[in-house]
Amino acid sequence: MMYLDKMKFLPLFVMLITTSLQPAYGVVVKGQEKLVIAHRGASGYLPEHSLAAKAMAYAMGADYIEQDVVMSKDNALVVLHDHFLDRVTNVATQFPGRARSDGRYYAIDFTLAEIKTLQMTEGFSIENGQQRAIYPQRFPLWRSTFQVHTLAEEIELIQGLNKSTGKQIGIYPEIKSPAFHRHHGKDISKAVLKDLQRYGYTSRTSKVYVQSFDPIELQRIKQQLLPELEMDLKLVQLIAETSWHETLIYQQDKTIVYDYDWMLRDDAMVKIAQYADGIGPWKPMLINIDNVTNVPRSNGMLGAAHQAGLVVHPYTFRADTGRIPDFAMDFDDLLKIYYFDIDVDGVFTDFPDKAVEFLRKAQLAE
Ligand code: G3P
Ligand code: CA
């Protein structure tokens, strides 16, 4: 049994040993640091936000590993992309009758002990009563054993690996739907910051970026919570299309959709720089594509961001079939366009190994 366990994790150990010889920080190409941020871990290979996906991302040489964070009924911080449990777990079969009227199973309605009883898997949708993997070429549904974990459990994994490998890999927590949580009486931002403080992330030199789509909450973090907790962390404003309804503002029993359009205007970066250190735009927001040549060019957002002193970390770079825009020849070409033609400082990717290897080759070619 022990031999079998060792064999199962052998590729991971080999990767850990070989990557521990790689530099501990982002690759510097042409004098500029370029980061690889593992989006929900190595989520192109293992179920998103599983601890296995985080260990794999670490072993692949990512510079930062992302955590999306939501809160349970009993105030535990759990690492999940949605504040629902039903896209990645068997909650519907384990807790029938616990969905809200919209049919969704909200993490905030379950205790951590209940959430820990669930099996976690690749993301799926339900079509004609059947589960369908959102990425059919990725890790198969319901194979092996994965579980939802807490933010603290993930930080301990990453800090433990930092100790055992001698590297200093960072964390990149996203505070999910803070207004929704506050509407339910939960100050998720304060809880996340307290956990970060507990694990030693307190200053601007700490290897952490705190991200959120909610600009009202980010300003509250900058102006109220960080000073109150005697912390000073780097903050990243994520930018969504208004039409996604990503951020809701609660007014008594009504919600209104936050309008992101101002963030796409010329003077936005100077305003964002008053409370944040970087932006995380959806990657098409950075470019215009020439109608005739199909060549993408920077539309000025990146230049304005750099001018304002902001780093730029767009999302999400996926190598799956059908996920590479037609202006790029392949995934490497897509990375080249964004890292070097557009000049972003880092990318969120489901395939950190590919971005690490791309940057390594670019550095060697200098
Ligand atoms: O946080 C960066 C990127 O992850 C934003 O998109 O929806 O995957 O959290 P999402
Ligand atoms: Ca995220």
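Student: How big is the largest pocket, by volume?

Tutor: In this predicted model, the largest pocket has a volume of about 860 Å³.

Student: And which residues lie nearest its centre?

Tutor: His 81, Lys 176, Phe 213, Trp 244 and Glu 246 lie nearest the centre of the largest pocket, out of 37 residues that line it.

Student: Which helix or strand supplies the largest share of that lining?

Tutor: The largest share comes from H6, with three residues. At least two residues of the lining are supplied by each of strand S3 (64-71), strand S7 (170-175), helix H6 (178-183), strand S8 (209-212) and strand S10 (248-251).

Student: How do the lining residues divide into nonpolar, polar and charged?

Tutor: The lining of the largest pocket has 16 nonpolar residues, nine polar ones and twelve charged ones.

Student: Switching to helices, at what angle do H7 and H8 pack?

Tutor: Helix H7 (residues 188-198) packs with helix H8 (residues 215-228) at an angle of about 50 degrees, their axes being 11 Å apart, and the two are therefore oblique to each other. The crossing in which H7 passes H8 is right-handed.

Student: Which residues make that contact?

Tutor: From H7 the contact takes Ser 189, Lys 190 and Leu 193, while H8 contributes Glu 217, Arg 220, Ile 221, Leu 225, Leu 226 and Glu 228. By class, the contact of H7 with H8 has four nonpolar residues, one polar residue and four charged residues.

Student: What about H5 and H7, how do they pack?

Tutor: Helix H5 (residues 151-165) and H7 have their axes 11 Å apart and pack at an angle of about 30 degrees. Angles under 35 degrees count as roughly parallel, so H5 and H7 are described as roughly parallel to each other. H5 passes H7 in a crossing that is right-handed.

Student: Which residues touch there?

Tutor: Leu 151, Ala 152 and Ile 155 of H5 are in contact with H7, on which Val 192, Asp 195, Leu 196 and Arg 198 take part. The contact of H5 with H7 has five nonpolar, no polar and two charged residues.

Student: New topic: which peptide bond is cis?

Tutor: The bond from Tyr 315 to Thr 316 is cis, with omega near -20 degrees, and Thr 316 is found in the loop between strand S15 (311-312) and helix H11 (331-342). Most peptide bonds are trans.

Student: And what is phi of Asn 128?

Tutor: Phi of Asn 128 is near 50 degrees, a positive value in a residue other than glycine. Asn 128 has its place in the loop between strand S5 (124-127) and strand S6 (130-133).

How values were computed:
Residues numbered from 1 in each chain as written. Chains lettered and ligands numbered in written order. Predicted model: local features only at pLDDT ≥ 70, side-chain atom pairs only at ≥ 80, totals over all residues. Heavy atoms only, no water. Axes fitted to C-alpha atoms, helices over the stretch in contact; angles between N-to-C directions. Helix = DSSP H or I, 4+ residues; strand = E, 2+ residues; numbered from the N terminus. Parallel < 35°, antiparallel > 145°, perpendicular 65-115°, else oblique. Left-handed = near helix turned anticlockwise from the far one by under 90°. Contact = heavy atoms within 4.5 Å. Nonpolar A, V, L, I, M, F, W, Y, C, P; charged D, E, K, R; others polar. 1 Å grid on protein atoms, 1.4 Å probe; cavity = no way out; pocket = protein on both sides within 12 Å on 5 of 7 lines; lining within 4 Å. Points joined across faces, edges and corners; volume = space filled by probe spheres on them.
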